[in-house]
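Open the structure in your viewer and keep the selection tool at hand. The stops below say what to select next and what is there.

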Amino acid sequence: MATTTALPPPSSRGDRWAGPGMLLPFALFYLVFLVGPLVYAVVAGFFGTSLLRSGLGDFAGWSNYAAVLGDSEFWRTLGNTLWFTVLTTVPLVLLSLALALLADRFVRGRWFFRFAFFAPFVLPSAVVSLLFMFIYADQVGLAQSVATSLGVDSPPSWLGDPDWAMVSITVATVWWTIGFNFVLYLAGLQEVPREVHEAAAVDGAGPWQRIRLVVVPMLGRTTTLVTVLQVIASLKVFDQIYMMTGGGPDGSTRPSLQLIYDTGFVEGRVGYASTVSLLLFVVILFVSLVWFALVRRAEKEN
Amino acid sequence: MRDRIPPPPSPVPSPVLPPALPPAPSRRRVLRGTLALGATGATALAAAGCGSTVAQGFTGGAPEPDRLNFWNPFTGGDGERMLAMQDVFRTAHRSVDLRSATFLWGNPYYTKLTLATLGGRPPQVAVTHLSKVPTLVEAGLLSELHSADLARHGITPDRFDARPWQKSQVEGVLHAVPIDTHPFVLYFRTDIAEKAGLLDGQGRLADLDGPDAFIDAMRAAKEVTGAWGGSIASVKDASTQFRLFWSLYRQLGGGDLVADRGRRVVVDTAAAAEALAYMRRLTHEKVVPPAADGQGGAITLLNTGKAGFLMDGVWQVLAVKSAKVKFDMRPLPRIFTDAPYACAADSHALVLPKAPSAKAQRLDMSLEFIASMLHSSNLWAEGGHVPAWLPTQRSRTYRELVPQSHYAAAADGAVYDPAAWYGGAGSTLQQVVGDAATSVFTGATSPTAGAERIRRELRELAARPAPV
């Protein structure tokens, strides 16, 4: 304040409150819809809270945590969730990079490829699920007919066979969500300066070498972003699985979020469901932190 | 701040504060703007007609005395019929402002109903499945119904089908008014059955009772279709698999699966294994496909003539009818004779969620609405449900309703889901038992292992702390 004596001191009420005032609407929503429920979930996790009774219910101490950690279904759904994350993240990062590199090389008609790859992303999950349920349907679906015409005698039940269900859902998810990563990579590609390309070309690097040794390393930050966003999104999978298989067959595709939904809303055991959701929160936080730590170390070494 | 335009001289110089800077929006102005926006929004809401209900939800004010809120989970064909039944009521009761809300079937619906009732703002009348009533009563969410009140509106026990009426009572106290029974039945294509030589002189299906007779009939149909004999949903449809298992298990005299509202497991594993073994026979002998989609796939097989029979609930009658093929229906065959005839069933019923005050409940208006719904049972029956209201069930119109009247007898063998806090329509019990049954049905698990698994999983459920 002492340095601004020449000017009138910025002490008018309008100035002092402008920043916080503009933050206020968002801060309110944040408190009411994010911090509030989170606090409630933490508290409910220590009680036998029930959907069918008002109030928090009996104090349960750590017994919900003990029950969840000893519940084989919790570990199984967590395993399913992680498996889905691995199955989707790898193709969603690699394929979207490949598609972005290809689409970027088109000068004429580039808009078409951008549109074509991004288009599925605007569809709601319900539409995508319905579409793929028609494709995967047993006896009458497209995928089985195609497999039969390709010479497969008895095509698998795509959504009814525990060995295939998760893969089938993955294929649908990749088709549906690849557009988002694709757009991020396209944006990243536009930040690679032309001079770098030209310099590499002058030095005698072929197109493949330029992609491998110049472009891809320069997209490092984009890749970090895409991967982290994808991992978090995949760990939170719920809707397409809920609609396409309902977690079946035999629970083989049931993700952690569905366990939370089922125990909380179907069985009404809110305390237990809160505990599961907090543990899942910890897992997501842990995975993200580990990933960031690894990336930071890699960046430092470079 | 440095490049800001110097403020114009203030007309009223203040000795302490510098004059207000022009570009910063004053708080008062922002507030006024917000208020104006809010007022516009509120007016828009009021104009849209839902203002008072929304406002009532926020302020907690009592609903208007002539309003009747009714919640139901019916969409599609059932939803259309329910709307027609409401119109009948509206025409006859012009002074009542009936507001109905339709929610997605299943658990989302029950969650909303539970939370609204706990929050002291339930609808006056709501639809529920009878299999859910014991849990709702145990949680204290339903009002008792007194015979004197009901009789005032012409609702008396002797005018109801005995089974759903019995099931509407919990420990002898009535909590629901049943409107139908919807059993698990057998659909069949008459053209395919005729070619397979399965029809008698009157065009009715020949006797299918007994474990071998049923499979033989399906095998004959398979020769006609060239694909499958019958079909049943097995992919993403644990409930349908549960219904077949539950029908067979009860025909074997297996009794209940759990007792004490789900706190004790009493499953007869020998009967369960036998029921599962029969389900496995259907796929092992290749008369029924092991994988048929629950989202219409099993029905499509019947509709496209790739199967002659379909085992499903009566509520699919409109889905089959829309395919415009020749079909008829009958009760699920009596496969086993160890116990009286049984088939899995449930009923829709009307309940009065517990209101915070008698004024909010508006008992007589609610009961008048229920009576009107019962009188419109013929509309409801067209959707496949067997009316629980005897004046309709015994009426000439219903007896002439085809194929709906052909399976009405199934309601006499109706067995409801086991009463447990984790049981009922769309419940965890249906899921775990249905999953185990599907696993045997597709051949992944043996019948004895499947029966053991049912007992093990039920024991895990029974050991959980009950939320009621």
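**Stop 1: a pair in helix α20 of chain B**

Select R455(B), which is partly exposed at 25% relative accessibility; buried means under 20% relative accessible area, exposed over 50%, and partly exposed in between (1.4 Å probe, protein chains only). R455(B) and E452(B) are about one helical turn apart because they sit three residues apart in helix α20 (residues 447–463) of chain B. Helices (H or I, at least four residues) and strands (E, at least two) are DSSP runs, numbered from the N terminus.

This is a predicted model, in which local features need pLDDT of at least 70 and side-chain atom pairs count only at pLDDT 80 or more, while totals for chains, interfaces and linings use all residues. Residues are numbered from 1 along each chain as its sequence is written, chains are lettered from A and ligands numbered from 1 in the order in which they are written, and side-chain values use heavy atoms, with hydrogens and water left out.

**Stop 2: other salt bridges**

Over all chains, the structure holds 26 salt bridges. Select D216(B) and R219(B), whose closest N and O atoms are 3.3 Å apart in a salt bridge. They lie three residues apart in helix α9 (residues 211–225) of chain B, so about one helical turn separates them. D216(B) is partly exposed at 44% relative accessibility, and R219(B) is partly exposed at 33%. Now extend the selection to D212(B), R281(B) and E285(B): salt bridges that share partners join these with D216(B) and R219(B) into one network.

Next select R264(B) and D260(B), which form a salt bridge at 3.0 Å, N to O. Both count as partly exposed, R264(B) at 44% relative accessibility and D260(B) at 47%.

**Stop 3**

**Stop 4: the cavities**

How many cavities of 30 Å³ or more does a search of the whole structure find? It finds two. On a 1 Å grid over the protein atoms alone, a cavity is a set of points where a 1.4 Å probe fits but cannot get out, and lining residues have an atom within 4 Å of a point. Grid points are joined across faces, edges and corners, and a volume is the space filled by probe spheres set on the points.

The largest cavity has a volume of about 210 Å³. Select L52(A), F265(A), V266(A), Y110(B) and K132(B), the closest to its centre of the 18 lining residues. α4(B) gives the most to this lining, with four residues.

For the second largest cavity, about 30 Å³ in volume, select T227(A), V228(A), V231(A), I232(A), V287(A), S288(A) and W291(A), which line it. α10(A) gives the most to this lining, with four residues.

**Stop 5: a helix and some backbone angles**

Select helix α19 (residues 428–441) of chain B, where 13 of the 14 residues are buried, so this helix is largely enclosed by the rest of the structure. After α19(B) comes G443(B), with a positive phi near 95 degrees.

Most residues other than glycine have a negative phi, and most peptide bonds are trans. Select V402(B) and P403(B): the peptide bond from the former to the latter is cis, with omega near 0 degrees. K324(B) has a positive phi near 55 degrees and is not a glycine; K324(B) is exposed at 73% relative accessibility. Finish at R362(B), another residue that is not a glycine, with a positive phi of about 50 degrees. R362(B) is buried, with a relative accessible area of 11%.

Key
On a 1 Å grid over the protein atoms alone, a cavity is a set of points where a 1.4 Å probe fits but cannot get out, and a pocket is an open set with protein on both sides within 12 Å along at least five of seven lines; lining residues have an atom within 4 Å of a point. A salt bridge is a side-chain nitrogen of Lys or Arg within 4 Å of a carboxyl oxygen of Asp or Glu.
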